[in-house]
Amino acid sequence: MAGQAQYEELMRQFSAFGAVKREMGRILPSDCPAGSAAVLTLLARHGDMRMSKLSELLAVDMSVTSRHAAHLAERGWIDRSPDPADKRSRILHLTPAGLAQLEKLSRRTCELLAERLGDWSDDEVAQLTGLMARLRASFDDCRTAAPRVFEEITRTPANT
């Protein structure tokens, strides 16, 4: 297990990573901010879904998801249709225009990464990708485990 000094350095690197995210955000067109790009990406990856599922995947409040969906629908990048199983709910669907927008964003992002990581070997890029996926998965595990841990911490003897 890593020591405190290694975790502190990791925290510093996480803070510095904000600059990378900001630069990647700068290449996005003004009418497609990062939140909108995330919605397009999730719909392409997971297919049609309810707003509630999208909100869960984005890890944001339903009101934020609703604003993103409205923004994308205004541009014709997604369709929102009533859920046949529950008319109060909406199903989001990526349109051909939305897919084209996502492809354009992907090209821009790949070009930036190729430019900035041009002196990295294929193995180094693969290693970084694998480690980032593993880190994300570790936090996904924590997010699903957190409610159980919280329940155990807050449970009183009278409630058991």
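**Around I78 and beyond**

Mentor: Let me begin with I78, which, leaving aside its neighbours within four places in sequence, is in contact with L40, L43, A69, L72, A73, L92, H93, L94 and T95. Please keep in mind throughout that this is a predicted model.

Trainee: OK, and which residues touch the most other members of the largest nonpolar core?
Mentor: That core has 19 residues, and those touching the most other members are L40, L43, L54, I78 and L92. At least two residues of this core come from each of α2 (34–46), α3 (51–58), α4 (62–74), β3 (86–94) and α5 (96–116), and the largest share, 5 residues, is supplied by α2.

Trainee: Tell me about α2 then. Which of its residues are buried?
Mentor: The buried residues in α2 are S36, A37, V39, L40, L42 and L43, and they pack against β1, α3, α4, β2, β3 and α5. The helix itself has 13 residues and spans 18 Å from its first C-alpha to its last, which is close to the 18 Å expected at 1.5 Å a residue.

Trainee: I spotted a serine in that list. What does S36 touch?
Mentor: Not counting residues up to four places away in sequence, S36 touches H68, H71 and L72. Its relative accessibility is 1%, and because anything under 20% is treated as buried, S36 falls in that class. The C-alpha atoms of S36 and T65 are separated by 9.3 Å, although the two are 29 residues apart along the chain.

Trainee: And what comes after α2?
Mentor: α2 is followed by G47, which has a positive phi, near 85 degrees.

Trainee: Is A59 buried or exposed?
Mentor: A59 is exposed, with a relative accessible area of 54%, and it is found in the loop between α3 and α4.

Trainee: Switching to the strands now: in what order do they sit in the sheet?
Mentor: The order is β1-β3-β2, with 3 strands forming an open sheet and the pairing antiparallel. β1 (49–50) and β2 (78–83) stand at the edges with a single partner strand each, so one side of each has no neighbour in the sheet.

Trainee: How many bridges join β1 to β3?
Mentor: There are 2 bridges between β1 and β3, which run antiparallel. In β3, M49 has L92 opposite it, while R50 stands opposite I91.

Trainee: How about β2 and β3, over how many bridges do they pair?
Mentor: β2 and β3 pair over 6 bridges, again in the antiparallel sense, and D79 has H93 in β3 as its bridge partner. The two strands are joined by a hairpin through 2 residues.

Trainee: Which helix lies across those two strands?
Mentor: That is α4, which lies across β2 and β3 and runs at about 120 degrees to β2.

Trainee: Last thing, the whole chain. How many helices and strands are there?
Mentor: The protein chain has 6 helices and 3 strands, and from the N terminus on its elements run α-α-β-α-α-β-β-α-α.

Trainee: What share of the residues counts as buried?
Mentor: Of the 160 residues of the protein chain, 21% count as buried. The chain exposes about 11500 Å², of which carbon and sulfur atoms supply 56%.

Trainee: And what about contacts between residues 24 or more positions apart?
Mentor: Among the contacts in the protein chain with a separation of 6 or more, residues 24 or more positions apart account for 52%.

Technical notes
Residues numbered from 1 in each chain as written. Predicted model: local features only at pLDDT ≥ 70, side-chain atom pairs only at ≥ 80, totals over all residues. Heavy atoms only, no water. Core = buried A, V, L, I, M, F, W, Y, C linked by side-chain atoms within 4.5 Å. Buried < 20%, exposed > 50% of the residue type's maximum accessible area, 1.4 Å probe, protein only. Helix = DSSP H or I, 4+ residues; strand = E, 2+ residues; numbered from the N terminus. Contact = heavy atoms within 4.5 Å. Pairing = 2+ DSSP bridges. Axes fitted to C-alpha atoms, helices over the stretch in contact; angles between N-to-C directions. Areas by Shrake-Rupley, 256 points an atom, 1.4 Å probe, with all protein chains shown as cover. Expected span 1.5 Å × (residues − 1).
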